[in-house]
Amino acid sequence: MPVRDTLRRPRRLILACLIAGPIFACLAGCANVTPIIEPATITFAFHEADSRYYEGLLGEFRDRYPHITVELNPMSWDQFGNVSPDDSDVLAADMRVLSYLYDQRALLGLDPFLEQDSTLDVDDFYPGTLAVLTREGQVWAIPAGVDVYVMYLNEDLFDLHGTAY
């Protein structure tokens, strides 16, 4: 085989790789890769008085997130007084229960999740509500609602009896 043909073969191979390489790279980038979502099961604890409400939401949640199984764990007030991390993965509770769990170091800080979720805008919460659920600079819970306690007084009755407001 002449030397000239021997030199042309590697050049042709290099030229073929230079042409075909980018084409294959582009085609690989066009592939539709579907991420594999692993099934998950979470336990959701809440006060038993809200059972009907959460059972009603469960169907919509299943439709939206079919890979997540939610086990509902309704609890009485007595059970909430002794709640532990083993009782649930997610908990809807009042501030007393959350404070107790925080003091027990049984809550997971939510900041890493808030940073990852671009659909959750912390500015959408009423001013101050998220701050109430923040300790040591870390968010420990998300407000599910706001309970406003109001006290009214009848000034006429206080005045009638000479009692200070």
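**Reading the salt bridges**

Student: Is glutamate 136 buried or exposed?

Tutor: Glutamate 136 is exposed, at a relative accessible area of 64%. The classes are buried (under 20% relative accessible area), exposed (over 50%) and partly exposed in between, with a 1.4 Å probe and protein chains only. This is a predicted model, where local features need pLDDT of at least 70, side-chain atom pairs count only at pLDDT 80 or more, and totals for chains, interfaces and linings use all residues. Residues are numbered from 1 along each chain as its sequence is written, and side-chain values use heavy atoms, leaving out hydrogens and water.

Student: Which side chain meets that of glutamate 136 in a salt bridge?

Tutor: Side chains of opposite charge can pair when their charged atoms come close. Here the partner is arginine 105, at 3.3 Å, N to O; a salt bridge needs a side-chain nitrogen of Lys or Arg within 4 Å of a carboxyl oxygen of Asp or Glu. Arginine 105 sits in the loop between α4 and α5 and glutamate 136 in the loop between β4 and β5, so the pair ties together parts 31 residues apart in sequence. Helices (H or I, at least four residues) and strands (E, at least two) are DSSP runs, numbered from the N terminus. Arginine 105 is exposed, at 55%.

Student: How many salt bridges does the whole structure hold?

Tutor: Three. One of them joins arginine 135 to aspartate 103 at 3.7 Å, N to O. Arginine 135 is in strand β4 (residues 134–135) and aspartate 103 in helix α4, 32 residues apart. Arginine 135 is partly exposed at 29%, while aspartate 103 is exposed at 55%.

Student: Where does aspartate 94 come in?

Tutor: Its side chain meets that of arginine 96 in a salt bridge of 2.5 Å, N to O. Aspartate 94 is partly exposed at 25%; arginine 96 is exposed at 65%.
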